[in-house]
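Please look over the sequence and the structure before reading on.

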Amino acid sequence: MTKKVTGNYNARYHKLTRTDDGFVDLQYQKQKSKMPWGGIILAIFLFIAGSLLITFASLLFAGHFDGQHTEGAWPLLILGILMFIPGVYHVRIAYLAYRGYPGYVFDDIPDFE
């Protein structure tokens, strides 16, 4: 009685040598990670939007804008900080991983695909 296997499987097989001690060198090789474009684009958006909100809130605090509703500067500043911190963190990781610095890989950036 034979068992029929269905499905789409993509597996790479390598022939083992006769002097096999149970370990294969391929299992220790790091697979090249692909660039998570969705996460990088989101990080750039958070970085730019957070920077703009912090700048706008700072200008409101400094009095460069004439207006009666300057009490909205605090929520802008808080929202800007909440967007800026993860944005600059992930943009930095993406830049250093792209440049090939040891310890930085694209796997540290979440991918939304």
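Predicted model: local features only at pLDDT ≥ 70, side-chain atom pairs only at ≥ 80, totals over all residues.

Is Leu77 buried or exposed? With a relative accessible area of 18%, Leu77 falls under the 20% cut-off, so Leu77 counts as buried.

**Overall make-up**

- The protein contains two helices and zero strands.
- Of its 113 residues, 19% count as buried.
- Among contacts between residues at least 6 apart in sequence, 59% join residues at least 24 apart.

**Transmembrane annotation**

- An unreviewed UniProt entry lists residues 37-61 and 73-91 under "transmembrane region".
- In the model, residues 37-61 are 100% helix and 0% strand, and the C-alpha atoms at the two ends of this span are 36 Å apart.
- Residues 73-91 are likewise 100% helix and 0% strand, with 26 Å between the end C-alpha atoms.

**The helix pair**

- Helix α1 covers residues 37-62, and helix α2 covers residues 73-99.
- Two packed helices are described by the angle between their axes and the distance between the axes.
- For α1 and α2 the angle is about 145° and the axes are 6 Å apart.
- The crossing of α1 and α2 is left-handed.
- The residues of the contact between α1 and α2 divide into 24 nonpolar, five polar and no charged.

**Leu77, in helix α2**

- Leu77 belongs to helix α2.
- Setting aside residues up to four places away in sequence, Leu77 touches Ile54, Ala57 and Phe61.

**The largest nonpolar core**

- Six residues make up the largest nonpolar core: Ile40, Ile93, Ala94, Ala97, Phe106 and Ile109.
- Helix α2 gives the most to this core, with three residues.

**Ile40, in helix α1**

- Ile40 is a residue of helix α1 and a member of the largest nonpolar core.
- Ile40 has a relative accessible area of 12%, which is under the 20% limit, and therefore Ile40 is classed as buried.
- Which residues does Ile40 touch, not counting residues up to four places away in sequence? The partners are Met35, Ala94, Phe106 and Ile109.
- Ile40 and Tyr95 are 55 residues apart along the chain, and their C-alpha atoms are separated by 9.7 Å.

**His90, in helix α2**

- His90 is found in helix α2.
- The relative accessible area of His90 is 18%, so His90 is buried.
- Leaving out residues up to four places away in sequence, His90 touches Ala43, Asp108, Ile109 and Pro110.

Key
Residues numbered from 1 in each chain as written. Heavy atoms only, no water. Helix = DSSP H or I, 4+ residues; strand = E, 2+ residues; numbered from the N terminus. Buried < 20%, exposed > 50% of the residue type's maximum accessible area, 1.4 Å probe, protein only. Contact = heavy atoms within 4.5 Å. UniProt positions renumbered as here; feature names shortened; annotations may be inferred. Core = buried A, V, L, I, M, F, W, Y, C linked by side-chain atoms within 4.5 Å. Axes fitted to C-alpha atoms, helices over the stretch in contact; angles between N-to-C directions. Left-handed = near helix turned anticlockwise from the far one by under 90°. Nonpolar A, V, L, I, M, F, W, Y, C, P; charged D, E, K, R; others polar.
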